[in-house]
Amino acid sequence: MCLAIPAKVVSVKEDKARVDFGEGVLREVNVALVNAKIGDYVLVHAGYAIQVLDEKEALETIRLWNEILEAETVQK
Amino acid sequence: MAEKLRFRDPDLAKRIAEKIHEVAPKEGAVKICHVCGTHEWTITHFGIRSLLPENVEVIAGPGCPVCVTPASEVDEAVQIALKGVAVTGFGDVLRVPGSKMSLLDAKAEGAEVRVVYSVSDAIRIAEKEPNKEFAFFAIGFETTAPSTAVEILNKPPENFSFLVSHRLIPPAMKMLVEMKDLNLNGFIAPGHVSTIIGLKPYEIFPKIYGMPTVIAGFEPLDVLFAIYMILKQLREGKPRLENEYTRAVRWEGNTKAQELMQKVFDVTDGGWRGIGSIPLSKYRLRDEFEKHDAHLKHDVKVEHGVDIQHGCRCHLVIIGKIKPTECPLFMKACTPQKPVGACMVSIEGTCRIWVKTINRVDK
C-alpha cells in the first residue's frame, strides 16, 4: 500500500504530469503535492507524486556507504 | 534513476552484512521492529534475515493498511454497498474480511464494488455516471492520506463521498514500544510515510524511550544499512534518530501535503484490527467537510465488528509477537486463495508475503 515507484517527469500541466516509469509508456499522475519540473524523478504512490527524489543524495548515499565501510575497516 | 541498481550491489551487501556481525552484541537478543509491508517484502524477498547474526531478530509491526483496517469499518463499507451505493477502493481492501462478509462477498450478492488504482480514478468514474451514488473507501497511512485531502479540496462531484479510514503510524509505534513484553531495541521507520511526515514525529522514540530509530528506504541495501546503523547506536549506547533514506525523505517532510491534510482532517482515536483503539491514530474529516462523509450521507455507523475469526492469529502476527509459521492455520486452513485473516489477504500482509517466499524457496 505504501509502495511508491520512481518515475521521470516528461511534461507538466497544472496538477497533472506525464511520467515515464522506465517501461517506455507514459502515464499521467497528479503532482499537486510536489513542485515537480520536467526531468525530475518523482516518487509515485497510488497515482500521486509524493516527493521529488534527490539524485545527488542517491549518489551520496552510495558514496557514504562505501566511505563508512572503508573508514571503519581501516580503524580496525 | 540510473544508479538504482547499485542499491542492490551484492558485494556491498556482503560487506555491510560483515559489519553487522562485527557491531552486533555477542550475547543477548536484539529485536528490531519495522512497521511497513514494503519493508517486510524487501526483508523476506531478499533473504535479509538469513544474513543477520542469530541473536538479531527483525520483526514486522502493523505496517499493512489493509490488515489494520478494523472489521467495523469494512462492515460500514459493506452496508453502504448493500444500500445500492457503488463502493470503490484499492484492490486488496475489497477482499479483506468484515464481521460477516467482505466487499467482494457483497459484490457476489449483487452490490456494485469496483477496484481503482487511485482516488482520482474513483472520481473520474463517478463523474461519468452522475446519476449513481459512489463512495470511496479511503484506507492507507500518511503516504496515502494526502491524495484523499487533495481530492476533497478539489470539490468532488455531488454523487461522491468518502469513507475515511486513514491511520497514522507514529502512534502505533508508540503503542509497540510501550508493550513491555515485546522487548524492542530499535525501529526501522517507514520510508514512504516519512516522505510526508518528515523526521520530527519520531523524535520521541530515541528521546523518551531510548530507542534507536532509523528511517530506511526499500532497496535491500537500504534495509541492511539501517540495521547496521541501529546496531551501531546500540553498541555506542547513544540512541538517536537517523535518516538513511535521504534521497526521498527531508527533515521537514512534504509540507505541502501536511498543510492539505491539516485543512481536511482532524486526528482522533482509532481502532486497529486485532489491536484495539490507539489514541490519536486516525484521521477523520473535519466538520466543514461533513457533506463528503459517506457515514453521514448514507447513514451507517458500526461500533463493533469481529476483527479476528476463530483460530486466526492475525492479532499476534500484526504486532510481530509470532511469526506467520507459528499460526496453526497458516497454509492449512488459511491460504492466499482462501484467506481467514487480513494478514493473508493483502499483498502487504506478513502472512501473504511469507507464503510467496516459502513457495519460491521450495521451488
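This is a predicted model: local features need pLDDT of at least 70, side-chain atom pairs count only at pLDDT 80 or more; totals for chains, interfaces and linings use all residues.
Local features are given where pLDDT is at least 70, side-chain atom pairs count only at pLDDT 80 or more, and totals for chains, interfaces and linings use all residues. Residues are numbered from 1 along each chain as its sequence is written, while chains are lettered from A and ligands numbered from 1 in the order in which they are written.

Chain A holds one helix and five strands, and from the N terminus on its elements run β-β-β-β-β-α. Here helices (H or I, at least four residues) and strands (E, at least two) are DSSP runs, numbered from the N terminus. Of the 76 residues of chain A, 39% count as buried. A residue is buried if 20 or more other C-beta atoms lie within 10 Å of its own, exposed if 12 or fewer, and partly exposed in between, with the C-beta atoms placed from the backbone. Two residues are in contact if their C-beta atoms, placed from the backbone, lie within 7 Å. Among contacts in chain A between residues at least 6 apart in sequence, 30% join residues at least 24 apart.

The loop between β1 (5-13) and β2 (16-20) of chain A contains Glu14(A). Glu14(A) is not a glycine, yet has a positive phi of about 50°. This residue is exposed, with 8 other C-beta atoms within 10 Å.

Further along chain A, β4(A) and β5(A) run antiparallel and are joined by four bridges; two strands pair if DSSP finds at least two bridges between them. Within this pairing, Val44(A) stands opposite Ala49(A) in β5(A). The hairpin has two residues between its strands, and Ala46(A) takes a positive phi near 45° there. Strand β5(A) is mostly covered, five of its five residues being buried.

Which residues of helix α12 (residues 255-264) of chain B are buried? They include Ala257(B), Leu260(B), Met261(B) and Val264(B). These residues cover an arc of only 100° around the axis, which puts them on the same side of α12(B); the arc is that of the directions from the helix axis to the C-beta atoms. An α-helix has 3.6 residues a turn, so residues three or four places apart point the same way. On the other side of α12(B), Thr255(B), Glu259(B) and Gln262(B) are exposed. What covers the buried residues of α12(B) includes β5 of chain A, together with α7 (145-153), α9 (191-197), β10 (265-272) and β11 (276-285) of chain B.

Chain B also has an open sheet of five strands, with parallel pairing and the order β2-β1-β7-β8-β9. Its edge strands are β2 (56-60) and β9 (241-243), each of which pairs on one side only. Inside the sheet, β7 (residues 186-190) and β8 (residues 213-216) of chain B pair in the parallel sense over four bridges. Pro190(B) has Ala216(B) as its bridge partner in β8(B).

In the loop between α7 and β6 (160-164) of chain B lies Lys155(B). Its phi is positive, near 55°, in a residue other than glycine. Lys155(B) counts as exposed, with 8 C-beta neighbours inside 10 Å.

Chain B is divided into domain 1 (1-309) and domain 2 (314-362), bounds that come from an automatic or database domain assignment. Taken over C-alpha atoms, the centres of the two domains are separated by 18 Å. In the contact between them, 26 residues of domain 1 meet 19 residues of domain 2. The elements that give two or more residues to the domain 1 side are α2 (37-45), β2 and α3 (65-68) of chain B. Helix α2(B) gives the largest share of that side, six residues.
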